[in-house]
Amino acid sequence: MKNQRLGFVGLGDDTASACLSMLKIMDGRSEVSWRHSDPDSADVLMISCDHTDETQRWARSDKPRIFIDDINQEKTASAL
């Protein structure tokens, strides 16, 4: 089984916790086991589309990124 590290940027603790819980359910059913990591050490980043200095810095990273839009806000160009 391949281990991957997932880092969260600009997302609330409740969102990160819910995502990690969902991924734990999938453990044993896929070839990848996901673990929580700080953004520097992560293999993949989940990034809020809020326009803060932190999210903008990580949005330019070379790491694979998953952008999360707030359903109550207008879609960003990265979500299209």
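**Terms checked against values**

Me: Why is Arg5 called partly exposed?
Reply: Arg5 has a relative accessible area of 39%. Buried means under 20%, exposed means over 50%, and partly exposed is in between (1.4 Å probe, protein chains only). The value lies in between, so Arg5 is partly exposed. The model is predicted: local features need pLDDT of at least 70 and side-chain atom pairs pLDDT 80 or more, while totals for chains, interfaces and linings use all residues. Residues are numbered from 1 along each chain as its sequence is written, and side-chain values use heavy atoms, with hydrogens and water left out.

Me: What makes Arg5 and Asp43 a salt bridge?
Reply: Their side chains meet at 3.0 Å, N to O. A salt bridge is a side-chain nitrogen of Lys or Arg within 4 Å of a carboxyl oxygen of Asp or Glu, and the Arg5–Asp43 pair meets that rule. Asp43 is in the loop between β2 and β3 and Arg5 is in strand β1, so the pair ties together parts that are 38 residues apart in sequence. Asp43 is partly exposed, at 24% relative accessible area.

Me: How many salt bridges does this rule give?
Reply: The count is two. Arg35 and Asp27 also meet through their side chains in a salt bridge, at 3.3 Å, N to O. Arg35 counts as partly exposed at 40% relative accessibility, and Asp27 is partly exposed with a relative accessible area of 25%.

Me: What makes β1 and β2 a pair, and in which sense do they run?
Reply: Strand β1, residues 2–9, and β2 are joined by six bridges in the parallel sense. The bridge partner in β2 is Trp34 for Gln4, and Ser37 for Gly7. Strands and helices here are DSSP runs, numbered from the N terminus (E, at least two residues, for strands; H or I, at least four, for helices).

Me: How do you know that β1 also pairs with β3?
Reply: The two strands share four bridges in the parallel sense. In β3, Met46 is the bridge partner of Phe8.

Me: In what order do the four strands stand in the sheet?
Reply: The open sheet has the order β2-β1-β3-β4, with parallel pairing. β2 (32–37) and β4 (65–68) are at the edges; each has a single partner strand, so one side of each is left without a neighbour in the sheet. From one strand to the next, the twist averages 25°. Helix α1 (residues 13–26) packs on the sheet, touching β1, β2 and β3 (44–48), and its direction makes about 165° with that of β1. Angles run from 0 to 180 degrees between N-to-C directions, with axes fitted to C-alpha atoms, for helices over the stretch in contact.

Me: What handedness does the β-α-β unit of β1, α1 and β2 have?
Reply: The unit is right-handed. With the strands pointing away from the viewer, a right-handed crossover has a path from the first strand over the helix to the second that runs clockwise.

Me: Which residues make up the largest nonpolar core?
Reply: Leu6, Phe8, Leu11, Ala16, Cys19, Leu20, Leu23, Val44 and Met46 do, nine residues in all. β1, α1 and β3 are the elements that give two or more residues to this core. The most come from α1, with four residues. Apart from it lies another core, of five residues, among them Val9, Leu45, Ile47 and Trp58. A nonpolar core is a set of buried Ala, Val, Leu, Ile, Met, Phe, Trp, Tyr and Cys residues joined through side-chain atoms within 4.5 Å.

Me: Why is Ser48 called buried?
Reply: Its relative accessible area is 7%, which is under 20%, so Ser48 is buried. Ser48 lies in strand β3. Not counting residues up to four places away in sequence, Ser48 touches Val9, Gly10, Leu11, Thr55 and Ile68; contact means heavy atoms within 4.5 Å.

Me: Is Ser41 buried, exposed or partly exposed?
Reply: Ser41 is partly exposed, with a relative accessible area of 32%. Ser41 is in the loop between β2 and β3. Leaving aside neighbours within four places in sequence, Ser41 is in contact with Arg5 and Lys63. Ser41 and Leu6 are 35 residues apart in sequence and 8.6 Å apart in space, C-alpha to C-alpha.

Conventions:
Two strands pair if DSSP finds at least two bridges between them.
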